[in-house]
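Trainee: I'm new to this one. Could you pick a single part and take me through it closely?

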Amino acid sequence: MASGKFITFEGGEGSGKSTQAKLLADRLRAKGIDVVLTREPGGSPFAEQIRELLLSGNLAPHPPLAEALLFYAARADHMATTIRPALAAGRWVICDRFSDSTRVYQGGAGGLGADVLAELERLVVGAGQPHLTLILDLAPALGLARAEARRTGPGDVACAEADPYERRDLAFHERLRAGYLAIAGAEPARCAVVDAAEAADAIAARVWSLVESRLLAGRP
Ligand code: Z5A
């Protein structure tokens with residue numbers, strides 16, 4: 001029986017998911033909780049290979065179903081080799097993006113039917129849904145500007161190329177935002193929306209209060 005907690009971060013480009021996932025992992029570790037910090041697509045050797053393919057920008061034209069199946073192939077391996085064993089060992093798992101990303105990118109914004117995605121989610125995720133999903137909500141123009149500044153700025157993570165999703169038009173990114181807010185509205189017990197326009201430390205404080213009230217209450 002899994003005893004660890006599974007937390008996912010979701011949101012549009014540059015909304016601060018990686019920043020907040022790391023801050024939360026640090027804070028939980030400081031409390032003595034054993035945390036696995038992982039990401040999607042990726043998080044296992046096979047899934048990281050699929051990530052390279054998906055984000056390479058070199059894919060030949062393909063239908064949305066083929067793309068969703070690649071994300072789900074990566075997720076199946078990530079679940080089997082990283083997430084489920086960690087939770088079963090009592091560790092907490094923090095994942096930067098998960099199946100809600102497929103729902104909004106390949107589904108709502110990409111055109112693939114919700115019924116198809118629900119079936120893939122049932123097969124691969126099943127009862128392994130996150131205990132808490134933090135949706136970082138930000139105006140797409142601001143998120144894209146942050147991502148652009150990081151790409152073109154100094155530092156280790158600077159790189160020249162925007163990935164294929166970042167290059168989509170603003171309307172696509174607005175659909176992503178609406179998709180996330182719809183998921184949060186439909187699944188309030190699992191999801192919480194966090195205003196990501198604040199400074200990083202203010203967002204981290206809000207994230208921590210949600211984790212405390214929803215997952216840590218009653219723990220020593
Ligand atoms: N995708 C999909 O289509 N279907 C799926 O099922 C899954 C994924 C799982 C993965 O890209 C792509 O795959 C993704 C969706 C698609 N589309 N894209 N692009 P990725 O993993 O390479 O990138 P990402 O997930 O979109 O994350 P990101 O763009 O790197 O951003 P982020 O993690 O949300 O933000 P960040 O890296 O923490 O911060 C971005 C910059 O803003 C950085 O310079 C920070 O220092 C800065 N920052 C962070 N917080 C703040 C605040 N609060 N104020 C100001 N500046 C800030």
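Mentor: Let's start with Glu 40 and Arg 75, which form a salt bridge with their closest N and O atoms 2.6 Å apart; the term takes a side-chain nitrogen of Lys or Arg within 4 Å of a carboxyl oxygen of Asp or Glu. This is a predicted model, where local features need pLDDT of at least 70 and side-chain atom pairs count only at pLDDT 80 or more, while totals for chains, interfaces and linings use all residues. Residues are numbered from 1 along each chain as its sequence is written, and side-chain values use heavy atoms, leaving out hydrogens and water.

Glu 40 sits in the loop between strand 2 (35-39) and helix 2 (45-55), and Arg 75 in helix 3, so the pair ties together parts 35 residues apart in sequence. Helices here are DSSP runs of H or I with at least four residues, strands are runs of E with at least two, and both are numbered from the N terminus. Glu 40 is buried, at 5% relative accessible area, and Arg 75 counts as buried at 2%; buried means under 20%, exposed over 50%, and partly exposed in between, using a 1.4 Å probe and protein chains only.

Now for another pair: Glu 121 and Arg 103 meet in a salt bridge of 2.8 Å, N to O. Glu 121 lies in helix 5 and Arg 103 in helix 4 (residues 99-108), so this pair links parts 18 residues apart in sequence. Glu 121 is buried at 7% relative accessibility, whereas Arg 103 is partly exposed at 23%. Both belong to a network of salt bridges that also links Asp 100, Glu 187 and Arg 190.
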